[in-house]
Amino acid sequence: FIDSPPVLLVTDAQLLSSLVDGYVVVIRAGTTKKRALQRSLSLMRAPGTSPLGIVMNAVDGSSESYSGYGYYGKGSGYYVEELR
């Protein structure tokens, strides 16, 4: 595992993406905007590298909006058309 600073703040993640087979993007619930996630994913595209997934942290499990199985499709704020 290689950890890097946020994608939109510095170029470390973009440079490291060419050295790995895949990456996981971590977003913060209720804070990360859809546009920032889309921009981050577009900056991380490098030949031979693919996103393995997205992790959402700081989720309030007691909140009704995150209880049960949520739907992260086209109507949600975190849907990304194409990960690969």
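Let me start at alanine 58, which is found in the segment after E2. Helices and strands here are DSSP runs (helices H or I, at least four residues; strands E, at least two), numbered from the N terminus. Phi of alanine 58 is near 60°, a positive value in a residue other than glycine. At 43% relative accessibility, alanine 58 counts as partly exposed. For that term, buried means under 20% relative accessible area, exposed means over 50%, and partly exposed is in between, with a 1.4 Å probe and protein chains only.

Some ground rules. This is a predicted model, where local features need pLDDT of at least 70 and side-chain atom pairs count only at pLDDT 80 or more, while totals for chains, interfaces and linings use all residues. Residues are numbered from 1 along each chain as its sequence is written, and side-chain values use heavy atoms, with hydrogens and water left out.

Now the overall layout. The protein chain has two helices and two strands, and along the sequence they follow the pattern α-β-α-β. Of its 84 residues, 24% count as buried. Contact, from here on, means heavy atoms within 4.5 Å. Among contacts between residues at least 6 apart in sequence, 72% join residues at least 24 apart.

Next, the core. Which residues make up the largest nonpolar core? There are eight: Val7, Ala13, Tyr23, Val25, Ile27, Leu37, Leu41 and Met44. Strand E1 (22-28) and helix H2 (34-43) are the elements that give two or more residues to this core, and the largest share, three residues, comes from E1. A nonpolar core, as used here, is a set of buried Ala, Val, Leu, Ile, Met, Phe, Trp, Tyr and Cys residues joined through side-chain atoms within 4.5 Å. Take tyrosine 23 from that list: leaving aside its neighbours within four places in sequence, tyrosine 23 is in contact with Leu41, Met44, Arg45, Thr49, Ser50, Pro51, Leu52 and Gly53.

On to helix H2. Its buried residues are Leu37, Ser40 and Leu41. Seen down the axis of H2, these fall within an arc of 95° (taken from the directions from the helix axis to the C-beta atoms), so they line one face of the helix. What covers them includes E1 and strand E2 (50-57).

Two residues of H2 deserve a word. Serine 40 is buried, with a relative accessible area of 10%. Apart from neighbours within four places in sequence, serine 40 is in contact with Val7 and Leu8. Arginine 39, also placed in helix H2, counts as partly exposed at 46% relative accessibility.

Last, the largest pocket. How much space lies in it? About 750 Å³. A pocket is an open set of points on a 1 Å grid over the protein atoms alone, where a 1.4 Å probe fits, with protein on both sides within 12 Å along at least five of seven lines; lining residues have an atom within 4 Å of a point. The largest pocket is lined by 26 residues, and Asp3, Ser4, Val24, Val25 and Val26 lie nearest its centre. Helix H1 (12-17), E1 and H2 are the elements that give two or more residues to the lining, with the largest share, seven residues, coming from E1.

Terms used
Grid points are joined across faces, edges and corners, and a volume is the space filled by probe spheres set on the points.
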